[in-house]
Amino acid sequence: MSTVALPPFWSLVEAHGDELLVHARRMAGDAHGEDVLQDALLRALRAYPSLRHADHLRAWLYRVTTTTALDHHRARKREVLTDEPPAPATEPEHYDDAFESIIRVLPDTAQTALRLRFVEDLDYDGIARRLGCSVVAARQRVSTAIRTLRNQGIAA
Amino acid sequence: MTLPAHLLDALASAAVREGIADAVYTHLPTPIGTLLVVQGQRGILRVGFPEEPEDRLLAQVAAGVGPRIVASDRELAATRDALSAYFEGDDETPALPVDLALVRSPFRRSALETLRAEIHAGDVVTYGKLADRLGRPRAARAVGSACATNPVPIVVPCHRVVPGSGGVGSYAGGPDRKRALLALEARTR
């Protein structure tokens, strides 16, 4: 059992499920959004007791959803294009590692924007302040980074 | 929340199938109000009356058995059926497994176990007599505390414990519910 006081998992699903589904659809497309989110929440549930603190749980769920969406892209591409056997189904121990390995392909500014959004859990006002840019520009950097990742996921 | 029900159902069922759900909960409408029923891997952990704030109740369960708590009517279908049969008078006491993990005090736990095993539907016992059965004749007050803090009312029948001075006495769900349960069991018997 976890040593930190984590809230009941379902309360996170109730609080953030809707926006996570929007995020999953944005990452994976309307046809796959629900499958991605269901898988992401199951992965999150598996990893939940190993979290070391109860801060930024919403941002953590966004990261898990992001990595799950990209994994699904890769799996679908393999199915379509090759007979390559699927990668061993190991769950990354820490989603921050998986998240970092995924955003590594992006330019530094895009990586920073995604970390501020999904690791530090800042809103666009906060991101704008940290990057010294306008709120519109902050929003744009995050959405461009997500779009790039999505395209990279498909093309990987 | 507007997530599709099939997504939530599939998620909760997958969690149960994998054995990673610490507890599953469901809302069950009954003649005495909608109950919140929380079941762990070994049995029912908690039954809540409508007046109890749900977030606090579930946080208490999370602190006791772990935070991987999901909601599912489907996974608790057997439990729901057994409780509904009880309220329809088809069954004297729901024969459901109980897990008293949320009861920390060994005395309170043994009081609740004895109560469940020995005091059957249609019977009542006084706080003093139950203390006698536990071999602690002076512990009537402590038996009262055990009943007042019973995490699994109805299934562990603390409503069958009444004051020696007469009347139904107090009840976590209020005296009206206690009277209703005793009346139901008098009819069922």
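**Packing and contacts**

Modeller: In α1(A), A:F9, A:V13, A:L20, A:L21, A:A24, A:R25, A:M27 and A:A28 meet A:G33, A:V36, A:L37, A:A40, A:L41 and A:L45 of α2(A). Contact requires C-beta atoms, placed from the backbone, within 7 Å; helices are DSSP runs (H or I, at least four residues), and strands (E, at least two), numbered from the N terminus. The model is predicted: local features need pLDDT of at least 70 and side-chain atom pairs 80 or more, while totals for chains, interfaces and linings use all residues. Residues are numbered from 1 along each chain as its sequence is written, with chains lettered from A and ligands numbered from 1 in the order written.

Biologist: Is α1(A) parallel or oblique to α2(A)?

Modeller: Axes are lines fitted to C-alpha atoms, for helices over the stretch in contact, with angles from 0 to 180 degrees between N-to-C directions. The two axes lie 9 Å apart, and α1(A) and α2(A) pack at about 135°. Angles under 35 degrees are roughly parallel, over 145 roughly antiparallel, 65 to 115 roughly perpendicular and the rest oblique. Therefore α1(A) is to α2(A) oblique.

Biologist: Which elements give two or more residues to the side of chain A that touches chain B?

Modeller: The contact joins 22 residues of chain A to 21 residues of chain B. Elements giving two or more residues on the chain A side are α1 (9-28) and α2 (33-47).

Biologist: How many residues of domain 2 of chain B are in contact with domain 1?

Modeller: Chain B has domain 1 (5-87) and domain 2 (106-188), with bounds from an automatic or database domain assignment. Their centres, over C-alpha atoms, are separated by 24 Å. Six residues of domain 1 touch residues of domain 2 numbering nine.

Notes:
Contact = placed C-beta atoms within 7 Å.
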